[in-house]
Amino acid sequence: MDNTRNEKERCHCGLKLGFKIAKLALSVATVATLVCMVKEVHRVHRAIENHHHGHKLL
């Protein structure tokens, strides 16, 4: 009986650890997406400014 209980506790702990890892991975992906979005907005903004100033786009 103790063996089954220990297996259930280990499974529960493993499941909690898996969810923590998944949450961390989602947070990392969210930050990476935001960084890419900010870089793209900055690139577009710079292109618009260059266009208004008569510079050629690269």
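A salt bridge here is a side-chain nitrogen of Lys or Arg within 4 Å of a carboxyl oxygen of Asp or Glu, and the structure holds 1 of them. This is a predicted model, in which local features need pLDDT of at least 70 and side-chain atom pairs count only at pLDDT 80 or more, while totals for chains, interfaces and linings use all residues. Residues are numbered from 1 along each chain as its sequence is written, and side-chain values use heavy atoms, leaving out hydrogens and water.

View 1. Helices (H or I, at least four residues) and strands (E, at least two) are DSSP runs, numbered from the N terminus. Of the 58 residues, 0% count as buried (under 20% relative accessible area; exposed is over 50%, partly exposed in between; 1.4 Å probe, protein chains only).

**View 2. The salt bridge between arginine 43 and glutamate 40.** Let's zoom in on the pair: their side chains meet at 2.7 Å, N to O. Arginine 43 and glutamate 40 are about one helical turn apart, because they lie 3 residues apart in helix α1 (residues 2–52). Arginine 43 is partly exposed at 44% relative accessibility, and glutamate 40 is partly exposed at 39%. Side chains of opposite charge can pair when their charged atoms come close.

**View 3. Cysteine 11 and cysteine 13, in a structure with 0 disulfides.** A disulfide is a pair of cysteine sulfur atoms within 2.5 Å. Cysteine 11 is in no disulfide, and its nearest cysteine sulfur, that of cysteine 13, is 9.4 Å away. That separation is too far for a bond. Cysteine 11 is exposed, with a relative accessible area of 54%.
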